[in-house]
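Here is a short report on a protein model.

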Amino acid sequence: MTKMRIDYYTRDDFNLNRLFLYLKKKGIQVETYRMKKPHVIIADTNKGKKVIKAYRDKSKIEHVYHFLSQIQQEYAVNFETYPEGELYIKDRHLYWAMLPFVKQVKEITYESFQDREAVLQALTRYHRDVQKKKMAVYTKLPKYDLILKWKKRLSSFQEASPIFREFNQFHVYEDIVTWGERALVLMERFRDSRLNYSIIHGDVASHNFLKTNHLGIVMIDFDLSAKAPALYDYIQLVQRFLPYVQWSMKELLQHPKIKELSKQRFFLASLLFPSMLMRNWNINASSLSWAKRQSLMQQSVEEWSQRTRFYRVIYQHLQNLHDM
């Protein structure tokens, strides 16, 4: 991504020059910038390197800023106020917030045991601090229901059935739906209403954990944070681990935190839901070319054969817990 200098006399698709002029009036002089993705700008400014990010909902900025300010931990990257004290700048229908840029020394990858363990420990530290401050009691962030979310994901995935027929893989589609439905039934059965609420990060992808020199693992991008049991973050994190450990329960149990979680039936049942596989189809299917759909189909079929072996192991663990 090439850095660009500011030319205040030209126009562009994102109306950036108007935004930069506005920032300049507020005391933030943007010297060079690059677009990380639409509406996310990495900018070199007179106040240092910043991330300037657009939101459609200002309340999300306010609620995240409030709860991270209460935690007051450097490892959870919070919004900064502008020089005159504003938390965001409104430009037409968007609200532009500013965050410090965090330099990582090495990219996190879930292929590495050390990185997986470091992320698990960082997430545990974060939830411990949220619980200690009792932030879930006071937050205005919305509640999050994992089962409801996955029911919607399953429903959306079912729209891909014609594509599976097209590639003569309808039997795989039926298996995926069957296991998805079975997992949701078990999750409903094992749901524990006594679980303490936390504030989940909500997007535990590896790129939201940065390895730094002085702060260890730093967590960024709390845009999907919500009020929910901390367990939901761990479930979604382990779902992301699965392809990198070749759907091996033995590999997962090398992590003490996952070994501890594996004693909970709800957690085990959640691993039966093919969440990331369905997500890939829900995001991509309608817009993909035939060749790319073919590639996604091949990937899904190969993954499914590994998943079914993994599911048998999970069922055995559930049975062992039932017999205890």
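In this predicted model, Asp203 forms a salt bridge with Arg240, and the closest N and O atoms are 3.6 Å apart. The pair links distant parts of the chain. Asp203 sits in the loop between E7 and strand E8 (209–211), while Arg240 belongs to helix H8; 37 residues separate them. Both Asp203 and Arg240 are buried.

Side chains of opposite charge can pair when their charged atoms come close. The count here comes to 15 salt bridges. Three of them are listed below.

| Salt bridge | Closest N and O atoms |
|---|---|
| Asp203 and Arg240 | 3.6 Å |
| Arg191 and Asp145 | 3.9 Å |
| Asp129 and Lys132 | 3.8 Å |

Arg191 forms a salt bridge with Asp145. This pair, too, links distant parts of the chain, 46 residues apart. Arg191 is in the loop between helix H7 (170–190) and strand E7 (197–200). Asp145 is in the loop between helix H4 (135–138) and helix H5 (146–157). Arg191 is partly exposed, with a relative accessible area of 36%. Asp145 is also partly exposed, at 31%. Salt bridges that share partners join Asp145, Lys151, Glu188 and Arg191 into one network.

Asp129 and Lys132 lie within one helix, H3 (residues 113–133). They are three residues apart, so about one helical turn separates them. Asp129 is buried, with a relative accessible area of 9%. Lys132 is exposed, with a value of 59%.

Which side chain of opposite charge is nearest to Asp233? It is Arg240, 8.9 Å away. Asp233 is buried yet has no salt bridge. This residue lies in helix H8 (residues 231–241). What lies by its polar side-chain atoms? The backbone nitrogen of His201 is 2.7 Å from a polar atom of the Asp233 side chain. The backbone nitrogen of Gly202 is 3.1 Å from one. Beyond its neighbours within four places in sequence, Asp233 is in contact with residues including Leu123, His127, Ile200 and Val204.

Tyr311 is placed in helix H13 (residues 290–323). Tyr311 is buried, with a relative accessible area of 0%. A polar atom of the Tyr311 side chain lies 3.0 Å from the backbone oxygen of Leu272. Leaving aside neighbours within four places in sequence, the contacts of Tyr311 are Trp179, Leu271, Leu272, Phe273, Pro274 and Trp304. Asp57 is 254 residues from Tyr311 in sequence and 40 Å from it in space, C-alpha to C-alpha.

Methods
Residues are numbered from 1 along each chain as its sequence is written. This is a predicted model: local features need pLDDT of at least 70, side-chain atom pairs count only at pLDDT 80 or more; totals for chains, interfaces and linings use all residues. Side-chain values use heavy atoms; hydrogens and water are left out. Helices (H or I, at least four residues) and strands (E, at least two) are DSSP runs, numbered from the N terminus. Buried means under 20% relative accessible area, exposed over 50%, partly exposed in between (1.4 Å probe, protein chains only). Lys and Arg count as positive and Asp and Glu as negative; His and the chain ends are not counted. A salt bridge is a side-chain nitrogen of Lys or Arg within 4 Å of a carboxyl oxygen of Asp or Glu. A polar contact is a pair of N or O atoms within 3.5 Å; within protein, one must be able to donate a hydrogen and the other to accept it, and residues adjacent in sequence count only if both atoms are side-chain atoms. Contact means heavy atoms within 4.5 Å.
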